[in-house]
Number of protein chains: 2
Amino acid sequence: MTLRGEELKAFLEETHLCHWATVGPEGEPRVRPLWYLYAEKAFWFTTRMETRRTGADVAAGSPVAVSIASEERPYRAVILHGIPEVWSDDRDSWLQRIATRYGEGPGLRWLSRAVKEPDRVVLRMVPDKVITWNYGKGDGHREIPQGELP
Amino acid sequence: MTLRGEELKAFLEETHLCHWATVGPEGEPRVRPLWYLYAEKAFWFTTRMETRRTGADVAAGSPVAVSIASEERPYRAVILHGIPEVWSDDRDSWLQRIATRYGEGPGLRWLSRAVKEPDRVVLRMVPDKVITWNYGKGDGHREIPQGELP
């Protein structure tokens, strides 16, 4: 009834954007579209820790909720909850993998600017909780146990 | 440099999903994909106030942040902040407008079930703050004054 296994993996490999939600300093919700990459059973993102509010919220300790959905029927969706960590190993090659996933030419052009930004980071998140839907197979949603991440 | 006026209106009429972020009872971020409709200078949504967590958060007084983005280049995006109100006038015809915007047949099938759900509501939001991007025209984002909503 839900999105899991190879079907979940294939969905995550599609070039959807994710929508990245945090809680701001006054307890208010914040959300913005962001690139993501699913690799090595983790989710990888990039943002700026100071000049982007969503990055600043993470720096201040906000947990993160992430929503990824297909805009066409059959609707499929994945929601993640977790706490991302700043990932410094091979930062530039992770930036490149994230950016070029959405188109090689524009990704490389973006990369040439991004690597110069002093607060540019790669964030890695192994979610505490993953919920998936496949509306094409019924209304149900389901929590995917950690060990079942494809 | 940014998305405004007729271009903003045309973007909002595209059948994107929105991603609806609230703050939960423990101060945690929550987000999920949702339908929206932009009409009469307001944003219209539907959810369930009890059986959907995002609806329950609104019932508990959480403000809302909403993210809408194109998944194809040139990337365009709209972020809304505000407090939605439950809208009871002509509830069923608003439900129909929201649902059939995403396809008439499936929308009407959805509607026939939704009208029977006791906690099904229409939410109307005139945002306190609207931020738009048009990456195709540069990186800048801009706050759109209320009076400038198309």
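This is a predicted model: local features need pLDDT of at least 70, side-chain atom pairs count only at pLDDT 80 or more; totals for chains, interfaces and linings use all residues.
**Entry 1: strand 1 of chain A**

I began with strand 1 of chain A, residues 18–23, and asked how many of its residues are buried. The count is six of six, so I wrote the strand down as mostly covered, a residue being buried if 20 or more other C-beta atoms lie within 10 Å of its own.

Next I checked which way the residues point. In a regular strand, side chains alternate between the two faces of the sheet. Here A:Cys18, A:Trp20 and A:Thr22 point one way, while A:His19, A:Ala21 and A:Val23 point the other way. Both sets are buried.

**Entry 2: the partners of strand 1**

Strands of a sheet pair through backbone hydrogen bonds, in a parallel or an antiparallel way. Which sense did I find for strand 1 and strand 2 of chain A, parallel or antiparallel? They run antiparallel, joined by six bridges.

Five residues lie between them, and A:Gly27 takes a positive phi near 80 degrees.

Strand 1 of chain A also pairs with strand 5 (residues 64–69) of chain A, again antiparallel, over three bridges. There I found A:His19 opposite A:Ser67.

**Entry 3: a four-strand sheet in chain A**

I looked up an open sheet whose strand order is 3-4-8-7, with antiparallel pairing. Which strands sit at the edges? They are strand 3 (37–39) and strand 7 (85–86), each pairing on one side only. Strand 7 is joined to strand 8 (residues 120–125) by two bridges, and A:Glu85 has A:Arg124 as its bridge partner.

**Entry 4: two helices in chain B**

From helix 3, B:Leu95, B:Gln96, B:Ala99 and B:Thr100 take part in the contact. They meet residues of helix 4 including B:Trp110 and B:Leu111. By class, I noted six nonpolar, three polar and one charged residues in this contact.

**Entry 5: where the chains touch**

Last, I turned to the two chains together: 25 residues of chain B are in contact with 25 residues of chain A. Strands 1, 2, 5 and 6 of chain B each give two or more residues to this side. Which strand gives the largest share? It is strand 2 of chain B, with five residues. The class count for the chain B side is 13 nonpolar, seven polar and five charged residues.

Terms used: Residues are numbered from 1 along each chain as its sequence is written. Chains are lettered from A and ligands numbered from 1 in the order in which they are written. Two residues are in contact if their C-beta atoms, placed from the backbone, lie within 7 Å. Ala, Val, Leu, Ile, Met, Phe, Trp, Tyr, Cys and Pro count as nonpolar, Asp, Glu, Lys and Arg as charged, and the others, Gly among them, as polar. A residue is buried if 20 or more other C-beta atoms lie within 10 Å of its own, exposed if 12 or fewer, and partly exposed in between; C-beta atoms are placed from the backbone. Two strands pair if DSSP finds at least two bridges between them.
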